[in-house]
Amino acid sequence: MLINYDKYSLCIDNKRTVVKSAAIHYFRIPGHEIWQDRLSKLKAAGYNAVDIYFCWRYHSPEPGKYDFTGIRDVRALLDIAAKLGLYVIARPGPYINAEVSLGGLPFWLLNMPKINLRNKKDGDFIYCETFMKYLREWYSRIIPILNEYHNIIAFQVENEYYTNEAEPDYIQELYDMARYMGIKAPIFHNDVLGFGLYSDIVNIYAFDNYPTINMDFDWREFPDSFGVLDHAEENLGDCKEDAPLYIAELQSGWYDKWNGPGYEHIRKLFGREHVNIVTKTALSQGITMFNHYMGCGGTSWDQIPSSEVYTSYDFAALITEQGLPGESYYKSKEINYFLDAFNLSSTDLIAEGRDVIGTEAPNVFAKLRQDNLNGCKWIFIRNLNKNSLEFNLESGDSLSVKPFDMKILPLGLELKGCKMDFSGMSIFAKAEQGDKEILLMLMEENNEVKLSGFDSIETGLSLEKTDAQLIIKGDSLKNLDSCEFIRGNKSTKIIFLDQQTSDKTWIIDNKILIGPELLTDNPEKAGFSKDCELKTIGINSEIKHRNILSREEIEPPRLENWQCFKASPEIDLAYDTSSWNFIKDGKFDCISNEIYDDYIWYKGIFNGHIEEIEINAKHCYSIYLNGRQIFHFDCLVYQEGCEVPERIAFNVDKHFLNEKGPNELTILTQNLGFDRGFQNELRIPRGLLSFRTIPEKEIEWQIRGGLTPIIEEWTESSPKNLEDASDNSYLKMLYSTFECQKSSDIYNPMVLDLFDAPFEKADIFLNGNMIGRYWKDKSPQTQFYLPEGFLDDKNILSLVIWEIKPEKIFEKGYESPESYVKIKIRNIKPFKLISVRELI
Amino acid sequence: MNILPSFILKKIYQKGSLKKTAEGVSFKLKNILGPGIVTGVNFIKINDQIYNSSVIKIIKSNASTVAEQISSDNPLIFKLNEDITCVIQNCLALQEGLNKIMVELISKDVGKVSVTVSDVI
């Protein structure tokens with residue numbers, strides 16, 4: 001693939017191209033089938049590129065060990081992208097952020113002596129040869145894989161990197177390293193500050209843009225939020241004079257956090273308007289490369305998440321965590337289809353503001369650009385007011401813009417069968433073949449289309465005519481109204497659609513398919529969740545109708561064979577710790593002891609009386625004295641994005657003490673992930689951070705990572721019933737099975753519904769994979785997606801329940817089937833899948 | 001730690017704008033970073049003397065606001081490329097030559113932001 005570029009755009013194989021990319025995290029959507037599904041859905045929505053962070057830690061469990069097989073087989077992912085004809089924007093870090101633990105760096109790096117991760121310490125640049133050595137190793141593994149593919153159109157070094165003084169040495173070395181290892185594509189860095197950082201090193205200057213990051217506020221109340229985008233061409237256009245500006249992350253959602261408002265709220269907040277505004281504002285700046293972040297939501301399973309985020313990483317993305325199109329997906333499809341219809345890869349600014357709309361209006365943004373390829377002009381107009389506004393343009397045309405809407409409208413657009421002098425209604429898509437074309441437009445009241453230059457017209461509509469023009473008024477249109485303009489032997493048919501219809505309209509091989517809610521599988525399958533009347537329109541205007549009956553009700557699988565086991569024998573007195581390690585150098589934390597399990601057990605013995613315990617641990621913990629829980633706490637507290645350290649002191653109830661003899665202390669801590677290292681240091685330890693008794697006692701601590709059910713793989717072999725072995729009941733394991741029939745003619749994402757669960761906190765395992773952290777007090781998530789990549793015909797679902805608040809333990813009685821049968825698997829929305837070839 | 005590194009934050013301050021006025025001391029900030037919504041001004045420190053928000057006035061587009069009135073319910077919209085003037089009433093801490101200035105405010109999106117600069121009069 002030949003990739004050139006100039007200030008306007010990339011030229012791929014000598015064709016100017018608008019790069020319409022969307023981001024996926026393959027590690028959050030495990031399984032080749034899910035990759036195929038999600039990438040197909042992006043392709044169906046008109047994306048021509050996919051942005052992929054390659055996560056170092058996901059592939060490297062130990063120094064020198066790399067795994068690119070199974071769900072980590074990135075070749076399979078790249079094969080799917082190549083087969084779909086998607087370009088790839090490769091972002092192998094080493095740091096990726098992505099709200100993943102340690103920003104995607106391997107945990108083992110934390111134990112390398114004198115290491116400065118990312119050559120940074122306390123915000124200062126400190127070059128670290130050890131870090132660079134291992135980074136070279138990562139690049140030397142991932143880059144040769146990328147070099148096998150010819151559809152890599154851009155390569156990113158590092159991510160969102162800055163130090164107190166922005167030294168360029170590290171970025172330069174990464175650039176040189178990538179080139180030395182054979183990267184041929186243009187190289188960029190993603191400047192989180194939007195300040196032109198490292199633009200003199202890279203080939204293409206890229207920045208990220210998130211106008212709305214505080215979910216407590218409604219962006220509609222803050223019309224200035226889009227200021228960086230509004231001035232991108234002016235402020236950043238000169239960063240690389242010979243290359244296009246690239247928005248490496250253009251907001252199409254946002255992540256939720258522990259204690260956050262939930263994705264339902266975030267989706268509502270963004271609506272379909274936000275992605276429309278940011279994307280069209282970017283296009284108004286002449287931007288021809290953008291990457292919607294995120295294209296697909298995902299699941300932060302296992303140890304993927306940073307401490308900030310809970311399991312669902314839906315991101316209010318274009319496609320939900322469960323693979324369903326959201327409102328913003330359909331809006332993005334609309335924009336992408338428009339860009340497919342008219343290539344906007346070379347435009348110049350002609351006028352803005354008053355010079356376009358003839359007046360200054362508050363919260364209104366307008367630009368006029370000359371299109372060097374299509375020979376017309378485009379008006380970009382945005383209304384961030386709460387009411388619709390009417391505009392009389394300098395061109396003499398008038399239009400209406402709804403609240404929080406933005407439109408791209410043509411002036412003087414030559415079509416095959418006529419000229420579109422002006423349209424106040426947006427173009428949605430185009431299908432064309434030879435001398436014929438069908439233009440799909442979005443019908444809109446209080447707006448009109450003015451056309452001229454045709455020989456004849458065929459329509460059933462009553463149209464207004466002047467000497468020079470024919471005018472189609474939006475107010476008089478009905479859904480699917482059409483008219484055909486003929487000039488010589490060429491023709492243009494215009495079909496007007498309402499929004500609901502456009503959402504379900506797809507262009508496939510220059511045919512128009514109206515009806516499916518989604519397309520998937522390359523995209524050879526169309527999905528229907530309800531009965532519909534399908535229409536297919538060919539280029540010769542032949543229309544086929546077909547009634548589609550969706551499937552009958554599909555019963556979700558039943559969870560069966562419930563069993564309940566006590567899962568924390570470690571709490572018991574005299575538990576055998578002979579295989580445990582002693583803590584290293586008097587330090588408790590996970591890094592010092594090289595234990596990176598979520599759960600870490602500590603055990604120690606002291607003699608005699610204590611008054612008080614002082615402790616600091618992350619993120620939540622319980623303390624047991626002589627087999628009884630005496631304290632619990634969680635430290636999942638953030639202020640302004642920074643973790644709040646909490647050193648706690650509490651009095652010890654003497655009733656639990658053996659004042660004259662030995663006392664056994666047991667502590668269980670749970671690490672919810674490392675910091676992602678965006679605004680904080682990466683190297684923030686977890687587990688027990690400090691501990692002392694008052695009066696101070698010498699304690700020889702032993703340590704072990706992991707919970708017994710996980711270590712002994714109870715989910716994969718017959719569990720050992722510990723009912724008789726222990727009286728404590730602080731951690732329980734619920735175990736069940738279910739059967740699941742996969743079918744190629746149905747798309748049916750399922751969730752585990754814990755809304756009615758009679759416990760507060762649990763880890764959920766599907767066939768041995770930890771797929772969710774449920775914590776009623778801390779997150780709104782009660783439904784947990786069952787990733788298809790982990791589902792088999794016969795499945796084991798287990799939950800490790802930690803009732804951290806002891807008072808809850810005896811109230812709930814979840815050992816009884818009457819309680820835990822409230823845990824159910826549910827369908828979200830099943831889709832019947834039909835071969836697209838059958839339909840068109 | 002601020003999300004924004006100090007070398008960038010320093011660029012907000014308009015070098016040479018520090019001056020004594022009849023009211024006290026004033027200086028200017030220009031937002032060259034991105035649209036900002038200020039939900040609080042914690043303090044301004046001049047040469048180790050802290051001035052709280054009750055004695056700080058923010059002048060934007062000729063309109064003046066006492067900083068302590070700025071809150072999440074009454075935020076200060078600080079647009080990209082916009083100037084504001086900060087006035088510290090009855091400030092006596094200014095000295096001839098080099099002065100150290102620190103402004104600490106709360107941004108809606110990134111939380112606490114501290115700008116530390118020096119300027120001469």
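A: Let's start with a pair of residues: B:Leu105 has B:Val113 in β10(B) as its bridge partner. This is a predicted model, in which local features need pLDDT of at least 70 and side-chain atom pairs count only at pLDDT 80 or more, while totals for chains, interfaces and linings use all residues. Residues are numbered from 1 along each chain as its sequence is written, and chains are lettered from A and ligands numbered from 1 in the order in which they are written.

Strand β9 (residues 98–107) of chain B runs antiparallel to β10 (residues 111–120) of chain B, with 10 bridges joining them. Here a strand is a DSSP run of E, at least two residues, and a helix is a run of H or I, at least four, numbered from the N terminus; two strands pair if DSSP finds at least two bridges between them. With 3 residues between them, β9(B) and β10(B) make a hairpin. Strands of a sheet pair through backbone hydrogen bonds, either parallel or antiparallel.

Now for chain A, which has 17 helices and 57 strands. There, 8 strands build an open antiparallel sheet, in the order β16-β17-β18-β21-β22-β25-β28-β27. Its edge strands, β16 (347–352) and β27 (464–465) of chain A, each pair on one side only. Within this sheet, β22 (residues 419–423) and β25 (residues 448–452) of chain A are antiparallel over 4 bridges. For A:Met420, the bridge partner in β25(A) is A:Leu451.
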